[in-house]
Amino acid sequence: MDTMIHLDLMMTPQEVAKFIAKSAREKRLALNLSQRSLSERSGVSVNVLKKFERTGAISILSLLKLALPLECLDDFKVLFKQSSPETFPTLDALLEQKTRKRGRK
């Protein structure tokens, strides 16, 4: 999907799985692919695809196989990407800043 969707932080793993399945189905339909044609392009059986779209249950390998023809395989490359540690200024550096936080008119 082109639009960024914010996932509720309180979603259960099952709810996230169903959300992913719904998003994959919407992407499939947006690409004008039937379940059968996506199955043929991905190598994932139609039965597995149907179950996935209905319940969200699927193996990671099958999900990645579906992601390729759905043009979103690269999205998985950042799934567990390590973020660089944030650098925070020291208290001394903050106290030394002489910029005003509020301005007057």
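**Contacts around R28**

Mentor: Let's start with R28. Leaving aside its neighbours within four places in sequence, R28 is in contact with L33, S34, Q35, L38, E53 and L70. Keep in mind that this is a predicted model.

Trainee: Where is R28 found?

Mentor: R28 is found in helix α1, which covers residues 13-30.

Trainee: And is R28 buried or exposed?

Mentor: R28 counts as buried, because its relative accessibility is 5% and the cut-off for buried is under 20%.

Trainee: Which side chain does the R28 side chain make a polar contact with?

Mentor: That would be the side chain of E53, at 2.7 Å.

Trainee: Let me zoom out a bit. How many helices and strands are there in the chain?

Mentor: There are five helices and zero strands. Reading from the N terminus, the elements run α-α-α-α-α.

Trainee: What share of the residues count as buried?

Mentor: Of the 105 residues in the chain, 21% count as buried. As for contacts with a separation of 6 or more, 44% are between residues 24 or more positions apart.

Trainee: Back to helix packing. At what angle do α1 and α3 pack?

Mentor: The angle is about 120 degrees, and the axes are 7 Å apart. That makes α1 oblique to α3.

Trainee: Which residues meet there?

Mentor: From α1 you have K18, I20, A21, A24, R25 and R28, and they meet F52, E53 and T55 in α3. By type, the residues of this α1 and α3 contact divide into four nonpolar, one polar and four charged. Our pair R28 and E53 is part of that list.

Trainee: What about α2 and α3, how do their axes cross?

Mentor: The axes of α2 (residues 35-42) and α3 (residues 46-55) come within 9 Å and cross at roughly 120 degrees. The two helices are therefore oblique to each other, and their crossing is right-handed.

Trainee: Which residues make the contact?

Mentor: On the α2 side, Q35, R36, L38 and S39 take part, and on the α3 side V46, L49, K50 and E53. Those residues divide into three nonpolar, two polar and three charged.

Trainee: Which residues of α2 are buried?

Mentor: The buried ones are S37, L38, S39 and S42.

Trainee: And what do the buried residues of α2 pack against?

Mentor: They pack against α1, α3 and α4.

Trainee: Okay, new topic: loops. What is there between α1 and α2?

Mentor: Two residues to look at are N32 and L33, both found in that loop. N32 is exposed, with a relative accessible area of 71%, whereas L33 is buried, with 6%.

Trainee: What does L33 touch?

Mentor: Not counting residues up to four places away in sequence, L33 touches R28, L38, R41, P69 and L70. Take L70 as an example: L33 and L70 are 37 residues apart in sequence, and their C-alpha atoms are 9.1 Å apart in space. L70 also turns up among the contacts of R28.

Trainee: Which residue just after α2 takes a positive phi?

Mentor: That is G43, with a phi of about 85 degrees.

Trainee: And what about E71, what is its phi?

Mentor: E71 has a positive phi of about 60 degrees, and E71 is not a glycine either. You'll find E71 in the loop between α4 (60-67) and α5 (91-96).

Trainee: Is E71 buried or exposed?

Mentor: Exposed: E71 has a relative accessible area of 59%, and the cut-off for exposed is over 50%.

Trainee: Great, so what should I keep in mind about R28?

Mentor: Remember that R28 is buried and that its side chain makes a polar contact with the side chain of E53.

Terms used: Residues are numbered from 1 along each chain as its sequence is written. This is a predicted model: local features need pLDDT of at least 70, side-chain atom pairs count only at pLDDT 80 or more; totals for chains, interfaces and linings use all residues. Side-chain values use heavy atoms; hydrogens and water are left out. Helices (H or I, at least four residues) and strands (E, at least two) are DSSP runs, numbered from the N terminus. Buried means under 20% relative accessible area, exposed over 50%, partly exposed in between (1.4 Å probe, protein chains only). A polar contact is a pair of N or O atoms within 3.5 Å; within protein, one must be able to donate a hydrogen and the other to accept it, and residues adjacent in sequence count only if both atoms are side-chain atoms. Contact means heavy atoms within 4.5 Å. Axes are lines fitted to C-alpha atoms, for helices over the stretch in contact, and angles run from 0 to 180 degrees between N-to-C directions. Angles under 35 degrees count as roughly parallel, over 145 as roughly antiparallel, 65 to 115 as roughly perpendicular and the rest as oblique. A crossing is left-handed if the near helix is turned anticlockwise from the far one by less than a right angle, and right-handed if clockwise. Ala, Val, Leu, Ile, Met, Phe, Trp, Tyr, Cys and Pro count as nonpolar, Asp, Glu, Lys and Arg as charged, and the others, Gly among them, as polar.
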